[in-house]
Amino acid sequence: MDPECSQLLPALCAVLADPRQPVADDTCLEKLLDWFKTIADAGSSLLLLQENPCLVTLLCPVLKPQDLSPRVLAFLLRLAGILAAQEDCFQHLQQGDLLPRLFGEAGPLGGAAWTAPTVRSGWIQGLCSLTQHPSALCFLAHSGAVDTIFSLQGDSSLFVASAAGQLLVHILGLSMQAPAEGHPSLQPAHWPACAQKIVGHIEESLRATATPQVTQALNVLTTMFSHCHDPWTQVLWVHLSPLVACLLEKDPVPAAHSLVDLLLSVARSPVLSSSSCGLWDTLAQTLSRLRASQAGPLALGILKLQECPKALRAQAFAVLLQPLTCVLEATTQAPGLPGSSGPGLQCGVAAIGPVASSEACAGRGGDPTDGELPLAWPPGSVGGTADAPLTAGMLLPSKAACVGLLCQTLAHLELLQPLPQRPSPWPWAPLLSAAVTILRLCNGSATPTSDTGTHLCAFLAGCVRVQRAALDFLGTLSQGTGPQELVTQVFAILLEYLTSPDSSPTVLKKAFQATLQWLQSSPKPSGGGDLEPHAQLFLRELLPVLPKRLCSPCWDVRDSGLEFLTQTVRRWGGQAGFRHALLASEVPELTEQLLRDPESYVRASAVAAMGQLSSRGLHIIPASPGHPGAQQKSLLEELLHILSTDSEGFPRRAVMQVFTQWLRDSHADVAADTEHFVARVLRVASQDLDWEVRAQGLELALVFLEQTLGQPSSSCPYAMTPPAAAPPSLVAQALQPFCRVQLFDFAFRALFDCDRPVAQKSCDLLLFLRAKTASYSDQQGSSSGPDVASLEAALQRWQAGDQGQPLGDLEPEAVVAVLRSLDLEGLRGALAESSDHAEQSPLSLLQDMLATAGILGENEADCY
Amino acid sequence: MKLYCLSGHPTLPCNVLKFKSTTIMLDCGLDMTSTLNFLPLPLVQSPRLSNLPGWSLKDGNAFLDKTELIDLSTVDVILISNYHCMMALPYITEHTGFTGTVYATEPTVQIGRLLMEELVNFIERVPKAQSASLWKNKDIQRLLPSPLKDAVEVSTWRRCYTMQEVNSALSKIQLVGYSQKIELFGAVQVTPLSSGYALGSSNWIIQSHYEKVSYVSGSSLLTTHPQPMDQASLKNSDVLVLTGLTQIPTANPDGMVGEFCSNLALTVRNGGNVLVPCYPSGVIYDLLECLYQYIDSAGLSNIPFYFISPVANSSLEFSQIFAEWLCHNKQTKVYLPEPPFPHAELIQTNKLKHYPSLHGDFSSDFRQPCVVFTGHPSLRFGDVVHFMELWGKSSLNTVIFTEPDFSYLEALAPYQPLAMKCIYCPIDTRLNFIQVSKLLKEVQPLHVVCPEQYTQPPPAQSHRMDLMIDCQPPAMSYRRAEVLALPFKRRYEKIEIMPELADSLVPMEIKPGISLATVSAVLHTKDNKHVLQPPPRPAQPAGGKKRKRGSDDIPDCKVLKPLLSGSIPVEQFVQALEKHGFSDIKVEDTAKGHIVLLQEAETLIQIEEDSTHIICDNDEMLRVRLRDLVLKFLQKF
């Protein structure tokens, strides 16, 4: 501890111990604890106590807890725990009889202060820090703390309850480490007393009839198996697994969610050789015993496991797919499924039956070329335990249950699909069919063929939640391949959703996203065109719908319509068929009008869309019919107008992004007079109040620099390796345009920007420039001269916060000299620190706390 | 209690409820879909329409959908739930011998008057030179082209009423306010409740002391301009009659309004005109409000909106003065210097202009492209006919149907071939089936009665089981010309006791919380109210003659035997018997109680829940002794 802090510490301790002094706030105490923890970790706690006796004095008032505020009391408990984590210090505190009085019966435990959850939490955290050595275990055993921890597991505060569980795991782990020299005893009966006590408690809880108790025990075990991978955990599992298995025999299975968590954490534990522990059997049994909504997460967890028997994986996958199987079965003869009464779909139905039949028809369904819909799940993915009538029962009791289960299933499958360990072969076609069917049920266009289907239809009609989940899932399914017939159906249903006036704005957004994904994944035809004819046809059908969406009274609909437009133009703007269809529609004109939308998000999206349309040459200035004489502004002017006048940040940021892109792509309007363009943009951007606009301005400046000076040799634009030096004369010549567009004025101003990211970006830019001009400045040598001096003076004023005066005209030489003289690396280092690094020192913390308490304030008060 | 169902149209109901001694007509909607069988009535002679092959101009435009199920002159009162459901009122009040009273809220009457006025005006301004009715003869009708020859009940089709009949009908209306309790002949009480569908629209509660019937017709849970629906007061109904649900259950009004705005903007941007056939009140207020918020964002600020109706001005102004009937946030605007509806601002800024008809000012102000709101939604009469003729040939123009009452394809039939775009965005804010099921769950009526259309999915979407009423017990359905016996019996009647009589009662507690008293009184019934009055004092026995006359007048109130209550505990009873010297007692349990056998005395005491019999062999002394023993265990009063 540095001396200044040592000096302040007694005063602070006095403040903390004084019940009349209010404590500033919890964060101060947290920071103080962090600080003590770092000191304790770095050296001896005992020494710390001896050097600062005030700390011991501070811990004493705990003996009269009623005088202290709960948060200070909690702080002291945690501080004592941190200090006592070292055995010598623990002994020292023990001698003073301090620890029993803090953590034992005599302490706050059971007193009035105990009613505050912070105090209980502090007590647990203190014990948790303290329990690091065998002496601590003895202390726990004697003080009876373990029983208190047991009772705290059921605490009304969730934080306390969860911390109590973690503390138990911690204690168990430590007590098992003690005899760790040899192999763990195979009999828990031979384990240390403390461990036995905890294990006994867990056993008792597992046998309990009350679900909360079972949940507590399962949660403790889950924490243990996920954090502790010592060999003894295997012994423990073997010992406890019969009790866990007993839970499965109850109906309903108690604490199912916690049970699933436990089984998965056991399965993931590296020390447990699962096969020998009968874990796989337990998992299989659990899968078949739990309700569909509870089994879903377990099935997903099993499928995510790296190593797992095939049969179990198949069973898990079948459980996961059950709700979708049920949906498919309920709509077997849905319209729009041509040939749906044919054998292809019959397979889909049969797939819910015994394995044999699903295998029998899967072979046929696997071949998309035979004209039948391969709607069977792949062989082996559907186990014998899958029981569709049961699922139908699960789906149908209430709308909420049905919607919840379907959303969960879709989300799980969406999570599973991108993983390498997903079941193989992945049943693209049936999944696709299921997603389409669900969407059809939601918009009422599916015709159910059974009672189940009729009920499903009634539950799902118009359900926005399921629509969103299904569209998300449909989007993910675009990664794979499906038979052409199904793809046609996908595009058909997407078009239905995009056209329907009943699609809610969020559903519409998802539909646009899914559409984009499907369009992007549709295979390129060998002929050379960009889009396969099928998707092209779809886009042509979609384009007449888009204008209606762009006119929607809901801003989010207009916004997602524009985003979709931007993406499609970016992707297919060069494709003749698409260009033709787009130009024939009203879309470009409407987009232009949306630049003046009242909603700023829409304006921003319109700016992006217009930028993209213009880049692709799809923006045609209409001969304005209403005002034949009026001069139509060019898009560049229009965007500059937005940049300088729009009251919201989003459209201005969008403009800057478009401009940067235009500069990169050498857009025709920009290339005509690049310097003029850059000068105008930078002038407006430098005055913007939004830091993102200024930062984007620097990005644009950097692009301009790169285009003028050449790319840096390495791929990273900010790389510090000096590039091949340019000839000095060229450099001087090259810097002239930067001076003309006042790029330096902008960059230096940004260097002292009050927003750190802007300053950082400017710093990087100037470093890049300095590296580029290194050879030039070497030759020039001196960094003196009138220009340089005045420039440096101006910069100093700027740094001090006075940015009123412009730099005026600059000479390249002066700039180079200043670049050399500025400590850019130092500045970059300072900026890389977090913004509050100066205020984070322990000294300032102590000062702050004392100031709030008014101790230091007295002297300062005289100054006023 | 009976319900006579006079209309088969679920949103234009007309039912008669016989409840206690009253006959109450619930709504009298006018089904005008039969006008679709006629040619449009053009304002200007249209050579195209009159030259259509196979069609000929016919008379008659408005039709009453009624049967001779019940003598309408016996109807005591008519309860109106909203202005759309009163359009047949003149036919009933003026032509059936009706002598009762009509109850409706003020906005209902005022706006209903506007609708009728508009209808009469539309019809009367294009008078017919001749009228024909012979074709209604079934033999001739058979020979007519389809669909006329298939039209049913043409004999019930009527000529449109006159303004005079309207005025006379409206004069029979008595105005009521929400939650106002109206006594009908002392027998039942009726109360209108806000239904949230239109200005002044109401549901009705018809209740006696022990029965409650709710009549829900045209209600809405959406937040539009009217006061929100009062659901709480519908609780504890014995019967809930449910009519007037949305006609387009698959269309969500919000989505449709969006669709309306988008299509309107697209058309106008392309230089086309938009025609909105509509009623002069109702959804148009909400549409104008949406457009008010939308036109600036869509860059339509300089597009004129025209509202053409003989009652346009009154409709727009009436809406602003019915503050107490509006939703809360519009009500609060009344206290600011702001009109509740933003259409006032549209009018001030000249964005919305209204005209009584095409003639006059409109023709000089008319500027295209524009948006025109005008009637009638059937496209058979009114100014809309002219605009259809005017704009129908250009594909730039669009007609947007927002009223759900008429099939838009049938409405358009006489205008084919049509180049203009047709958009169907029916906006119906009435309850949909999801809202109904929530409402029923909340209100929990014992029985639900509804038109049969609501008990099965719509014919076009027979798999949509969600588009029907699903409740327990299943709803009772009715169809036109059916008489329904409502499924509950009246079991109680309230009788008042005069204070002095009540004073004389001495209740006796027979078990905790339950006290009984006998009462002798005269039941006096007048105006469906029943009162128990103290019996007249028996005349003093002054003389034989007088006494005789007295006994003639006064009901015979001789002293009654006391009533007994309580039960006999068998074990104690046996002990008591033993105490009194009976021996050889046997007790047998039976299904209903016990039998105590006194073998020695050859006597049987049968104790059941509500009777005790002592069977002994002609030993009266023994019987009396036993009876007194039994009585000791019972209370008398």
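## Domains of chain A

In this predicted model, chain A is divided into domain 1 (1-143), domain 2 (483-621 + 634-672) and domain 3 (674-713 + 725-843), with bounds that come from an automatic or database domain assignment. The C-alpha centres of domain 1 and domain 2 of chain A lie 62 Å apart.

Where pLDDT is low, the predicted coordinates should not be read in detail.

## A sheet in chain B

Chain B holds an open sheet of four strands in the order S29-S30-S31-S32, with antiparallel pairing, and two strands count as paired if DSSP finds at least two bridges between them. Its edge strands, S29 (585-589) and S32 (612-615) of chain B, each pair on one side only. Six bridges join strand S30 (residues 593-598) of chain B to strand S31 (residues 603-608) of chain B, and B:Gly593 stands opposite B:Glu608.

Helix H17 (residues 570-579) of chain B lies across S29, S30 and S31 of chain B, running at about 165° to S29(B), where axes are lines fitted to C-alpha atoms, for helices over the stretch in contact, and angles run from 0 to 180 degrees between N-to-C directions.

## Salt bridges

Over all chains there are 36 salt bridges, each a side-chain nitrogen of Lys or Arg within 4 Å of a carboxyl oxygen of Asp or Glu. In one of them the side chains of A:Asp155 and A:Arg120 meet at 2.7 Å, N to O. A:Asp155 is buried at 14% relative accessible area, and A:Arg120 is buried at 7% (buried means under 20%, exposed over 50%, partly exposed in between, with a 1.4 Å probe and protein chains only).

## Notes on the model

Residues are numbered from 1 along each chain as its sequence is written, and chains are lettered from A and ligands numbered from 1 in the order in which they are written. In this predicted model local features need pLDDT of at least 70, side-chain atom pairs count only at pLDDT 80 or more, and totals for chains, interfaces and linings use all residues, while side-chain values use heavy atoms, with hydrogens and water left out.

Key:
Helix = DSSP H or I, 4+ residues; strand = E, 2+ residues; numbered from the N terminus. Contact = heavy atoms within 4.5 Å.
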